[in-house]
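Colleague: I would like to learn how to read strand pairing and helix packing in a model. Could we go through one case of each?

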Amino acid sequence: MNKKRTKVEPRGWEKIAQAWQKMTSPARPSLGDVQIYGKFIQQIIKSNRHYRVLVLGSTPELRSLVLRLGLLKKIDLYLLDLNSTMIYAMSAFLEIDKAKERQIIGDWLNTPFKDQYFDIVLGDEILINVAEKDRDRLLQQIYRILKFDGAFITRASHVNPRARKFTVAKSINKYSKLYLQHKLTLNQVLNYLFEEVFELSYFRNGQKFLCMDVLLKDLRHQAKSYNAVKAMIARLFIKEYRALLHQHWSWESYGQQIKRFRKYFKIKKIETAKDYLYAYVLPIYFLKK
Ligand SMILES: C[S@@+](CC[C@H](N)C(=O)[O-])C[C@H]1O[C@@H](n2cnc3c(N)ncnc32)[C@H](O)[C@@H]1O
């Protein structure tokens, strides 16, 4: 993740790792996403030989999935993350005990692996974590370390044109009602609100960045609302997501994303989960060399 294109200090990641516990999809892959990843992985792993799989990042859902597919004996699992705090924190969410994986601290933009080393590279929302100017380099690295018949499987978000219509006030109003009607838990409310505010920030930010601090004034205004539920939601939102409010991410449109992938890979399939809000802006791409 890049804060105005500089790396975030580990202290920032510690806070994100803590916040991660309460996050739901789309920030984390859903069961539907995991099923799609699993389906694509199984299209590659067919024979009885050994396969090398690399997870970029420390996504616990992907690490558990690879091991859960009953492929423990067939797969050598590697993960590459520049932050040991995240690896450590995410390991607490693994569903599989004593995961046999090789954890490597390193940069995706300068991977320490030989050419054509992996059968599969997995990465959940990795593109958005890299500055736009470095995205080609990231894809080149993945291309380099993948075997000739290897696959890169990745969930990648793009701009949501419908987010133009969101406002902080409307979102908080909607979710406070759903909370009072017992249709959503407070944690779901905060997650869904996060998603809308996050997407809206792209259109409200003059530089076309995702950065929620442009909406802080609106959020603070809601935190002072006479409506106690709305005020509570806004206050909790600011408190829970403080670590993320000032971060900058840059987003591409669906078309730009497809064009970038096509520079290096053949798009075999694109599938989208249906089990969470706004899943339609987070397709999973099955890419072959
Ligand atoms: C917010 S997290 C979530 C992303 C991903 N979905 C995951 O679960 O790991 C981003 C992760 O990517 C790692 N990361 C970001 N940029 C990186 C880079 N250039 N090289 C290696 N790891 C990186 C961070 O350390 C962090 O663990």
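Predicted model: local features only at pLDDT ≥ 70, side-chain atom pairs only at ≥ 80, totals over all residues.

Colleague: Which helix makes a β-α-β unit with S6 and S7, and of which hand is the unit?

Modeller: The helix is H5 (residues 135-145), and the unit of S6, H5 and S7 is right-handed.

Colleague: Which other strand pairs with S6, and over how many bridges?

Modeller: Strand S3 (residues 51-56) pairs with S6 in the parallel sense, over 4 bridges. There, Leu-56 has Gly-123 of S6 as its bridge partner.

Colleague: How should I think about the side chains of a strand, and how many residues of S6 are buried?

Modeller: In a regular strand, side chains alternate between the two faces of the sheet. As for S6 (residues 118-124), 7 of its 7 residues are buried.

Colleague: Now the helices. What describes a packed pair?

Modeller: Two packed helices are described by the angle between their axes and by the distance between those axes. Here, the axes of H7 (residues 186-204) and H9 (residues 228-240) come within 10 Å and cross at roughly 70°. H7 and H9 are therefore roughly perpendicular to each other.

Colleague: Which residues of H7 and H9 meet?

Modeller: From H7 come Val-189, Leu-190 and Leu-193, which meet Ile-233, Leu-236, Phe-237 and Glu-240 of H9. By class, this contact has 6 nonpolar residues, 1 charged and no polar ones.

Note on methods:
Residues numbered from 1 in each chain as written. Buried ≥ 20, exposed ≤ 12 C-beta atoms within 10 Å, placed from the backbone. Helix = DSSP H or I, 4+ residues; strand = E, 2+ residues; numbered from the N terminus. Pairing = 2+ DSSP bridges. Right-handed = clockwise from strand over helix to strand, strands pointing away. Axes fitted to C-alpha atoms, helices over the stretch in contact; angles between N-to-C directions. Parallel < 35°, antiparallel > 145°, perpendicular 65-115°, else oblique. Contact = placed C-beta atoms within 7 Å. Nonpolar A, V, L, I, M, F, W, Y, C, P; charged D, E, K, R; others polar.
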